[in-house]
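Have the sequence and the model open as you read.

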Amino acid sequence: MRGNVVTNSVKLTDVKKSFNGHDVIKGVSLDVQKGEMVVFVGPSGCGKSTLLRLIAGLDTPTSGQIEIAGNDVTYAHPSKRGVAMVFQSYALYPHMTVADNIAFALKIQGLPKAEIDAKVRDVAEVLQLTHLLKRRPKALSGGQRQRVAIGRAIVREPDVFLFDEPLSNLDASLRGQMRVEIARLHTKLNATSVYVTHDQVEAMTLADKIVVLNAGRIEQIGAPMELYRKPANLFVAGFIGSPRMNILGAKVRSSSGEAVTLDTPQGVLAIPRTGAQAATGASISLGIRPENLHVAAAGEEGHLSGYVILIERLGGETFAYVTLKGFDGEPVILKLDGEAQVHNHQEVRLTVDLNRAHLFDEAGLAVGVSPDFADKTDGSGHVQ
Amino acid sequence: MVTATIDTGWRKHLPVLNAFLRYGILILVGFVMIYPLLWMIGGAFKNNAEIFSSIGFIPKAPTTDGFVNGWKTSTEYSFATYLLNTMKIVIPKVIVTVISSVVVAYGFARFAIPGRKWLFALLMATVLLPKSVLLIPQYLMFREFGWLDTYLPLYAPQAFATEGFFVFMIIQFMRTLPLDMEEAAVMDGCNSFQVLTLIVCPVILPAIISVALFQFMWSMNDFLQPLIYLSSVEKYPVALALKMSIDVTEATSWNEILAMSTIAIAPSLILFFAAQKYFVEGLTSGAVKG
């Protein structure tokens, strides 16, 4: 939240949506503060786009209430909600020039021509589209089309911007560039934005607040780094972070209030955890992020051992896939330095940053907080 | 120097021979197809005696008598009256066909009407229905309306999207349009009517032009419907007027008929070439997206 603004820009109260008896949104409540960039993230089919369409008014909820800028707009026409949307496919009008595309909403509103022209010029300048105003969409590149789509939203000066996976049609380098541009624009306009993506990198870099959705429900809401450090459950732990968090199965040997001691196929491992409750003998999942696993130095015993089965060298960093002795399931992934000396079939001993390890109970819920992250509340590192 | 890869003898002329044969046959068949049309135009400039004396289409002593006399016609009205009558039928027919087909197609393509599938099947069934089956019931109906010997029976039914083929064609075209574009227009403040007129119609213009062209040409050529519903000569369209000039005189002036036929096909031809770019695009681009 920026400054001391207190008004809710978007407020969802127990919003549900079903299509032909199939529940897509199973009760979502959410507050978006004014000026905030909220990112909905989740796997395909989790309902994130449907939720955005409910806010936009392109669909109406089966039950629940949607408020925008303090007004109940649950059943209002999309154009009467004070929202503007940027579509995944840009959805430009192919028979109109860039200028006409941007001006279209204002023409429908019946604004005087001089006023429309002035606004279109301002927007074109902000988005560096001035030299393209006379062109048709088919004569534009992907990035330019994207900017026109954004311009069409900005010109209406809405209370809330809605972005539906706006970058997914662009190639990787352009996507990075547009991401920075959207972040800049968001800061410049200080506009409330709701942004849908399946790309957790976009979510981490753009969001003031991330909403992780899964199967029509909110799994967790929080600042990007908060979700990264303190995932509330296994789903969020697996979804936020790339490569994903390594999850190892274990049993609780004892829990002392200072640490939870685990029985693993490779022996006993004590995870420091203050005040955590875990029933002895219960199954537990140990979550370790790839950057918190290291190859043990010579002479060091390490916590785990296994064999390297695959190495991916990305230049600046190296991912090593290691099959742990005695553990079932997927190999663990280590994030190593680009020059790390590892090779295939090598036997390695691994050390774990135990203070940054995560624990999840049988229901998948987090058990306590990693000691390193216990005091940290925020620290989003997005572009300003 | 001769290598094994170079063809020798007559074989090296094969590609040329091949092209000669292919284009020769194509030109020959094409000529046979277009010959009646050329003969008609040529015959229009011949005198009556010459028409049947030779198969060639180039007149020996070109004359415009056929046009001059043909234009006067054997009735009290000039050919201009019949051309104008045709336009009085065709133009409203094209307009109401386009409007009704687009509106109905939009409804089928974009709105969740209860029983849409059944209604669509019914619409497609009308495409397969032979038109002649309807002649008698329709005649009786229009007689009750008091519409006989007026142009209304010729175009009023088209105002209700009775040409299932056109509706189908436009629906197929609309289905290729991205829904996002129309949703963007809704978010920009358009109602359904504005989405249709300001966004959808300009984008499907090729399909609309195709429909208009088809309907124009079919209606220009329509003989049966005017024959059934029109009884006064002053209201006859070109198709009936041409037939009439064959019947009424014992010695038919074929050069006049050919001259007037030439004039009669002119509007369709001109319109076709003027709209060719859109027309061809409309026939193909509905099928494949891109």
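Chain B has 15 helices and zero strands; helices (H or I, at least four residues) and strands (E, at least two) are DSSP runs, numbered from the N terminus. This is a predicted model: local features need pLDDT of at least 70, side-chain atom pairs count only at pLDDT 80 or more, and totals for chains, interfaces and linings use all residues. Residues are numbered from 1 along each chain as its sequence is written, and chains are lettered from A and ligands numbered from 1 in the order in which they are written.

Student: What is the radius of gyration of chain B?
Tutor: Take it over C-alpha atoms; the globule rule is 2.2 Å times the number of residues to the power 0.38. For 290 residues the rule gives 19 Å, and chain B is well over that, so it is more spread out than a compact globule. The value is 25 Å.

Student: Which element gives the most to the side of chain A that touches chain B?
Tutor: Contact means C-beta atoms, placed from the backbone, within 7 Å. By that rule, 16 residues of chain A meet 14 of chain B. β6 (83-86) and α2 (98-109) of chain A each give two or more residues to that side of chain A. With four residues, the top contributor is α2(A).

Student: How many residues of domain 2 of chain A are in contact with domain 1 of chain A?
Tutor: Chain A is assigned domain 1 (8-235) and domain 2 (245-368), with bounds from an automatic or database domain assignment. Their centres, over C-alpha atoms, are 39 Å apart. Domain 1 of chain A brings five residues to the contact, and domain 2 of chain A brings seven.

Terms used: Two residues are in contact if their C-beta atoms, placed from the backbone, lie within 7 Å.
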